[in-house]
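Morning, everyone. Please look at the structure on the screen, and I will walk you through it.

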Amino acid sequence: MSGREDETLARAAVAALTGQLELTPKPGLPDPRDLGARDTRRDLCSLRWSAKALTPGLAAMAAAARRIGGPTPELRTELGAIGRSTEHSVTLAGGGHRGALWVLGFLVAAAALDPGAKGSEVAATAKRIAAHPDRRAPRRPSRGSSMSAKYGAAGARGEARAGFPHVRRALDALAASRSAGASEPYARLDALLTVMSTLQDTELLYKAGPHGLRHVQAGARGVLEAGGTATEAGRVALAAFDDDLHTRAWSPRGTGGLLAGALFVDSLPVVVSSPVRVAA
């Protein structure tokens, strides 16, 4: 793999993240409808802009994986250093995407290690990378780690060490919805709701507590049980769920990054076979 291919993987990951941002309606999450609201316009625009700021860091993660050549402790430590530097750059560009950076970073590194892998193979390689401790990580607790300790939630670290089960579930949901004839936006919404229905979102736990988490999970399941977003009943349930979360100001942000990870992995057969610049 060359530097150009590292850049291609990074741009594909950013394109997946941008595609997730453009999806609508996303319950409780920023989406294009926010452009019509004066108080949220800056938020979505900054998320779009800061997504592009991930590109150099993700390309550096791919290059590190290619150079080191295996899911070693050295690679885990280097990915951590690159990730923290990238977080700083993204903050300067408007902030956001912290969770997505780590999801995509592990998956980009895994894809660089094994260019022919896809789907569960990429997630399995990412799991082997994440199994090692980041020896240079700051010792201060994060909001996510505090919620994990308090409630026993897996959190971002647990998700990576488990081989990104919610990325795999999103991939399965994408495939099932497409096979059933759903259009791509509806397939992606169904994948998002599949993640939301079971994810122990630590940001949501911080904001709404265990009751709020269960409420959101049940709401997502309700849309899927109504037939999914490709059906009229599912869309009615989705609209009600979306209104409910916006009224409560609850945002299950962890789901967006995991859907972006699934969209990236889903794109890998095309990305690997056609190493060209991917629009961000």
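First, the ground rules. This is a predicted model, where local features need pLDDT of at least 70, side-chain atom pairs count only at pLDDT 80 or more, and totals for chains, interfaces and linings use all residues. Residues are numbered from 1 along each chain as its sequence is written, and side-chain values use heavy atoms, with hydrogens and water left out.

Now confidence. pLDDT is the predictor's confidence in each residue, from 0 to 100. The protein averages 88. Of the residues, 90% score at least 70. Where is confidence lowest among the helices, and where is it highest? Helix α2, residues 41-52, is lowest, at a mean of 73. Helix α10, residues 184-196, is highest, at 98. Two stretches need care. Over residues 37-42 the pLDDT is below 50, and this stretch has three contacts in the model beyond near neighbours in sequence. Contact here means heavy atoms within 4.5 Å. Over residues 274-280 the pLDDT is also below 50, with 16 contacts beyond near neighbours. Where pLDDT is low, the predicted coordinates should not be read in detail.

Next, the fold. How many helices and strands does the protein have? The count is 13 helices and zero strands. Helices (H or I, at least four residues) and strands (E, at least two) are DSSP runs, numbered from the N terminus. The radius of gyration is 18 Å, close to the 19 Å that the globule rule gives for 280 residues, so the protein is as compact as a globular protein of that length. That radius is taken over C-alpha atoms, and the rule is 2.2 Å times the number of residues to the power 0.38. Along the principal axes, the C-alpha atoms fill a box of roughly 50 × 40 × 35 Å. Of the 280 residues, 49% count as buried. Buried means under 20% relative accessible area, exposed over 50%, and partly exposed in between (1.4 Å probe, protein chains only). Take the contacts between residues at least 6 apart in sequence: 73% of them join residues at least 24 apart.

Helix α4, residues 73-92, has 20 residues. Its end-to-end reach is 29 Å between C-alpha atoms, close to the expected 28 Å. The expected span is 1.5 Å times one less than the number of residues. Buried residues of α4 include Arg76 and Glu87.

Helix α11, residues 202-225, is another matter. A straight helix of 24 residues would span 34 Å, yet α11 spans only 25 Å between its end C-alpha atoms. Where does α11 have its kink? The kink is at Ala208, about 120°, shortly before the proline Pro210. The bend at a residue is the angle between axes fitted to the seven residues ending there and the seven starting there. Ala208 is also one of the buried residues of α11. Others among them are Gly209, Gly212 and Gln217. The buried residues of α11 pack against α7, α8, α10 and α12. Look at the start of α11 too. There, a side-chain oxygen of Asp201 comes to within 3.0 Å of the backbone nitrogen of Glu203. After α11 comes Gly227, with a positive phi near 125°.

Last, some single residues. Thr24 and Pro25 are joined by a cis peptide bond, with omega about 0°. Pro25 sits in the loop between α1 and α2. Phe164 is not a glycine, but its phi is positive, about 50°. Phe164 lies in the loop between α8 and α9. Is Phe164 buried or exposed? Phe164 counts as buried, because its relative accessibility is 1%. Ala249 has a positive phi as well, near 60°. Ala249 is in the loop between α12 and α13, and counts as partly exposed at 47% relative accessibility.

One more loop. Ala117 lies between α5 and α6. Ala117 is buried, at a relative accessible area of 4%. Leaving out residues up to four places away in sequence, Ala117 touches Val122 and Leu268. Ala117 and Pro269 are 152 residues apart in sequence, but 8.4 Å apart in space, C-alpha to C-alpha.

Definitions and conventions. A polar contact is a pair of N or O atoms within 3.5 Å; within protein, one must be able to donate a hydrogen and the other to accept it, and residues adjacent in sequence count only if both atoms are side-chain atoms.
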